[in-house]
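This briefing concerns the surroundings of a ligand and some backbone details of the protein. Please consult the sequence and structure below while reading.

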Amino acid sequence: MSSSANQVYPVIWNADRVLLIDQNRLPTEYTFVEISCSQDMAQAIKTMIVRGAPAIGVAAAYGMYLGAREIETQDRHEFLTQLEKVAQMLRETRPTAVNLFWAIARMLKTAYESLGGVEELKTTLLKTAQTINAEDIQTCQAIGDNGLKVLPANPAKLTILTHCNAGALATAGYGTALGVVRSAWRENRLARVYADETRPRLQGAKLTAWECVQEGIPVTLITDSMAAHCMKQGLIDAVVVGADRIAANGDTANKIGTYSLALVAKAHNVPFFVAAPLSTVDFELASGSQIPIEERHPSEIYQVGDTIICPTGVEFYNPAFDVTPASLITAIITEYGAVAPGELKQTQIEQVV
Ligand code: MRU
């Protein structure tokens with residue numbers, strides 16, 4: 001396994017278990033955690049050893065297979081009852097990224113629709129998880145290439161600002177927002193990436209910057225509060241971010257800080273793109289106000305490393321995501337092409353720009 005960002009695969013099926021890049025240890029250590037049971041997979045998703053919407057979808061799909069493998073009955077009905085429990089345990093890990101629920105639903109559908117005995121069904125579930133894994137890499141490459149078609153034509157080499165990590169580490173490989181960056185880099189259309197550090201968990205500093213350095217993409221790290229100043233100085237040609245859940249009207253939940261970035265981009269006339277697979281669109285939700293927002297432990301705010309950074313007696317609020325209204329989004333780039341957020345309809349996805 002190479003540490004080249006071209007070949008970063010955060011979720012790997014290896015013989016009889018899953019290997020996850022331990023994203024909590026990057027950038028100082030590039031190590032893998034071995035996952036052999038569904039409970040450990042649920043814990044890995046919760047503790048963000050694996051994170052990023054498409055990556056947790058892939059991880060959950062393997063979690064479903066690992067759970068299926070643990071079920072001892074040969075009775076199909078009883079097997080499906082127990083598999084529903086595995087699905088519920090995995091659903092309870094993180095609430096916002098819809099890819100998690102999408103992948104679990106796809107695995108359950110496979111189980112219900114498969115003919116044959118329980119052992120055959122387990123084999124089919126493994127194949128489905130592997131398919132979800134492989135498809136996501138192709139999807140990201142398509143997103144990257146579609147992004148190239150809508151990025152500003154000028155200047156010839158763009159400076160792109162991104163938030164959080166929507167790279168290879170956040171997907172099965174290649175990335176969504178960083179997929180667009182990678183495609184731009186390969187086509188000689190990229191001058192530089194500006195990476196927001198992304199408080200409080202620092203995915204931009206720790207993960208996006210790492211991926212760029214691995215691939216030789218010039219990257220400048222800024223704190224989140226510097227984005228407006230950089231745009232005012234004319235340093236940024238476009239913003240490209242990922243998504244955790246997109247409502248039917250195009251409102252987009254992504255890492256906390258994305259909304260303020262979109263407001264700042266609008267104020268400075270900088271195009272703001274969301275790059276995500278169609279599996280991130282939740283057509284059952286009419287608008288972003290219905291998207292559940294994860295709240296995480298306050299220690300992510302009051303502690304930096306081992307250091308407590310505020311006095312006792314303070315209260316905390318730690319939402320992990322925010323919702324950017326569709327009106328602030330220039331286009332949503334999917335594997336099918338780029339559409340204006342209001343035109344994002346399951347049946348009309350082929351209406352690309
Ligand atoms: O809390 P995280 O690190 O899982 O949040 C990740 C993001 O917000 C990403 O931008 C999003 O999942 C898209 S990943 C292709």
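The shell around the ligand comprises eight nonpolar, six polar and four charged residues, where Ala, Val, Leu, Ile, Met, Phe, Trp, Tyr, Cys and Pro count as nonpolar, Asp, Glu, Lys and Arg as charged, and the others, Gly among them, as polar. The model is predicted: local features need pLDDT of at least 70 and side-chain atom pairs pLDDT 80 or more, whereas totals for chains, interfaces and linings use all residues. Residues are numbered from 1 along each chain as its sequence is written, and side-chain values use heavy atoms, with hydrogens and water left out.

**Ligand site**

- Domain 1 (11-139) and domain 2 (147-352) both contribute residues to the shell, so the ligand lies between them; the domain bounds come from an automatic or database assignment.
- α2 (53-70) and β9 (252-255) each provide at least two shell residues; helices (H or I, at least four residues) and strands (E, at least two) are DSSP runs numbered from the N terminus.
- Among the 18 residues around the ligand, A53, R94, D244, N254 and K255 come nearest, a residue being near if one of its heavy atoms lies within 4 Å.

- A polar contact is a pair of N or O atoms within 3.5 Å.
- A backbone N or O atom of G52 is 2.9 Å from an oxygen atom of the ligand, and a polar backbone atom of A53 also lies 2.9 Å from a ligand oxygen atom.
- From K255, a polar side-chain atom lies 2.7 Å from an oxygen atom of the ligand.
- The protein covers 99% of the 420 Å² of accessible area that the ligand has on its own, by the Shrake-Rupley method with a 1.4 Å probe.
- The space taken by the ligand is the largest cavity, a cavity being a set of points, on a 1 Å grid over the protein atoms alone, where a 1.4 Å probe fits but cannot get out.

**Backbone geometry**

- Most residues other than glycine have a negative phi, and most peptide bonds are trans.
- The peptide bond from L26 to P27 is cis, with omega near 5°; P27 belongs to the loop between β2 (17-21) and β3 (32-35).
- A cis peptide bond also runs from N154 to P155, with omega near -5°, and P155 is located in the loop between α5 (118-150) and β4 (158-162).
- C164, a residue other than glycine, has a positive phi near 60° and lies in the loop between β4 and α6 (177-186).

Terms used. Polar contact = N/O pair within 3.5 Å; in protein donor to acceptor, adjacent residues only side chain to side chain. 1 Å grid on protein atoms, 1.4 Å probe; cavity = no way out; pocket = protein on both sides within 12 Å on 5 of 7 lines; lining within 4 Å. Sits in = over half its atoms within 2 Å of the grid points.
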